[in-house]
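Open the model in your viewer and keep the sequence panel beside it. The tour below says what to select at each stop and what is there.

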Amino acid sequence: MIPSRKTHTLLAAAVLLFACALPGRGYRSAATGPALGESAAPEASEAASPDSGAAEYLARIAELGYGKYLAESDERRSHSVESGWDVYRYDPADCRCLLGGEYFIAARKGSEETNTVIWLEGGGACFPGRDECIKNAERSFLRLSRGLATADRSNPVRDWNYLYVPYCDGSLHLGDADADYDGDGAADHWHWGLKNTSAAVRLMRELFPHSREILVAGCSAGGYGTLGTAPMVRLQFPQADMFVFNESGLGLQNPSITAMYRAAYQTWNIVPLIPAECPQCSEQLAFMNAWMLGLDRRLAVGVFSSYGDAVFTENWAMRPEDYRALLLETTGQIHSAFPAAFQRYLVDGDAHCVGDYSYSVGGVSIWEWIEYMLSKDWRWGEVLE
């Protein structure tokens, strides 16, 4: 894919910024060098020599198409304030839901100006032959102040800036296609996740341009969405320390129904986003985490799942014991490759997403575990119930 002129301009600026970040202390595991948690770059006059690895990563994710819509205009967007949130509604020509409905993004400024959460909502998947996903962004507005957006004193991001990204594209926040489900020659489903999520990342850059620590988080389809949103955020914030918290959307696929996944990915047109140099990524999207960690030195990833996730096992026809084995094997490989930058919080039962962040295993609650990750605390590690 050849980047557009807008993407080239965006990439050039991103490369310049990323290349000027100085290495220092922080997470790292392999031979990619020092990275996350480092002090920010000094004044421009004191900047280090360009980091060719960082520049190559930015160039590669732009080439794959993650920056395709990051330079688009938002002039047709409208704004209102509702229940303490800034709500941005988009013209259907720019962003839309699966059946063409209106799309919105909600934002709330926090007292910690340089810290920002981007939360990706979950809600199933849709493709020809499967119709099990959220199709209307309005219904998600009711869930704005839950989870990581709560004012709970234990919530380590309660004072951070916050963007809420509704899910209504049916394609894991990543689709980039108009689809004709009934075969009459006219598009009747719009998998515009890449456009919608790009609008959210643009909005984050507009509202919170000084973000230096960014948490990309999501549940279920939103967890899958973190795999593509993290590269988009990196293009817009090349110097930020970035963290991912993925709840029950780890990118696992039932290996016995790969043909169905391939058909869905083709309908959504997300295959171009998967790097060819990572063959494992096509087999299990979870390995996108390893691909990113191997190239992005300022990234850390934490994942949550139950061993018998009922939603995953029921929707993808998998026995709980087989899911557990796949979960442990796949995430175990990634943790072994990046033992300092990729950690797991795995619990007994069949829960899907975090129901109670105060839940504790071995004396460490989920709230505390997230805080350890964000504060680069040595206590952030494996929690396996």
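Rings of Phe, Tyr and Trp (for Trp, its six-membered ring) pair if their centres lie within 6.5 Å; planes under 30 degrees apart count as stacked, over 60 as edge-to-face and the rest as tilted. This is a predicted model, in which local features need pLDDT of at least 70 and side-chain atom pairs count only at pLDDT 80 or more, while totals for chains, interfaces and linings use all residues. Residues are numbered from 1 along each chain as its sequence is written, and side-chain values use heavy atoms, with hydrogens and water left out.

**Stop 1: aromatic rings**

Select Phe127, Tyr261, Tyr265, Trp268 and Trp316, which form one aromatic cluster. Within the model as a whole, the count comes to twelve aromatic pairs.

Next select phenylalanine 245 and tryptophan 369. Their rings form an edge-to-face pair, 6.2 Å centre to centre with 65° between the planes. Helices (H or I, at least four residues) and strands (E, at least two) are DSSP runs, numbered from the N terminus. Phenylalanine 245 lies in strand E11 (residues 241-247) and tryptophan 369 in helix H10, so the pair ties together parts that are 124 residues apart in sequence. Are these two residues buried or exposed? Buried means under 20% relative accessible area, exposed over 50%, and partly exposed in between (1.4 Å probe, protein chains only). Phenylalanine 245 is at 0% relative accessibility and counts as buried; tryptophan 369, at 1%, is buried too.

Now go to tyrosine 261 and tyrosine 265. This aromatic pair is tilted, at 6.4 Å centre to centre and 40° between the planes. The two tyrosines are four residues apart in helix H5 (residues 258-268), about one helical turn. Both tyrosine 261 and tyrosine 265 are buried.

**Stop 2: helix H10**

Select residues 366-374. This is helix H10, and seven of its nine residues are buried. The buried ones are Ile366, Trp367, Trp369, Ile370, Tyr372, Met373 and Leu374. Step past the end of H10 to lysine 376, which takes a positive phi of about 60°.

**Stop 3: the sheet**

Show the strands. Strands of a sheet pair through backbone hydrogen bonds, either parallel or antiparallel. Two strands count as paired if DSSP finds at least two bridges between them. An open sheet of ten strands has the order E1-E2-E3-E7-E4-E10-E11-E12-E13-E16, with mixed pairing. Its edge strands, each pairing on one side only, are E1 (78-82) and E16 (383-384).

Zoom in on strand E4 (residues 112-120). Six bridges join E4 to E10, and the two run parallel. Which residue of E10 is the bridge partner of valine 117? The partner is leucine 215.

Contact means heavy atoms within 4.5 Å. Beyond its neighbours within four places in sequence, leucine 215 is in contact with several residues, including Val117, Leu148, Trp160, Phe245, Met373 and Leu374. Leucine 215 is also among the residues with the most contacts inside the largest nonpolar core, which has 116 residues. Such a core is a set of buried Ala, Val, Leu, Ile, Met, Phe, Trp, Tyr and Cys residues joined through side-chain atoms within 4.5 Å.

**Stop 4: disulfides**

A disulfide is a covalent bond between the sulfur atoms of two cysteines. Here a disulfide is counted when two cysteine sulfur atoms are within 2.5 Å. How many disulfides does a search of the whole structure find? There are four disulfides.

Select cysteine 97 and cysteine 168, joined with an S to S distance of 2.1 Å. Cysteine 97 lies in the loop between strands E2 (85-90) and E3 (103-108), and cysteine 168 in the loop between strands E7 (160-165) and E8 (177-179), so the pair ties together parts that are 71 residues apart in sequence. The link of cysteine 97 and cysteine 168 is left-handed, with -75° about the S-S bond.

Cysteine 126 is joined to cysteine 133, with 2.1 Å from S to S. The link of cysteine 126 and cysteine 133 is left-handed as well, with -105° about the S-S bond.

Then select cysteine 219 and cysteine 353, whose sulfur atoms are 1.7 Å apart. The torsion about their S-S bond is about 80°, so this disulfide is right-handed.
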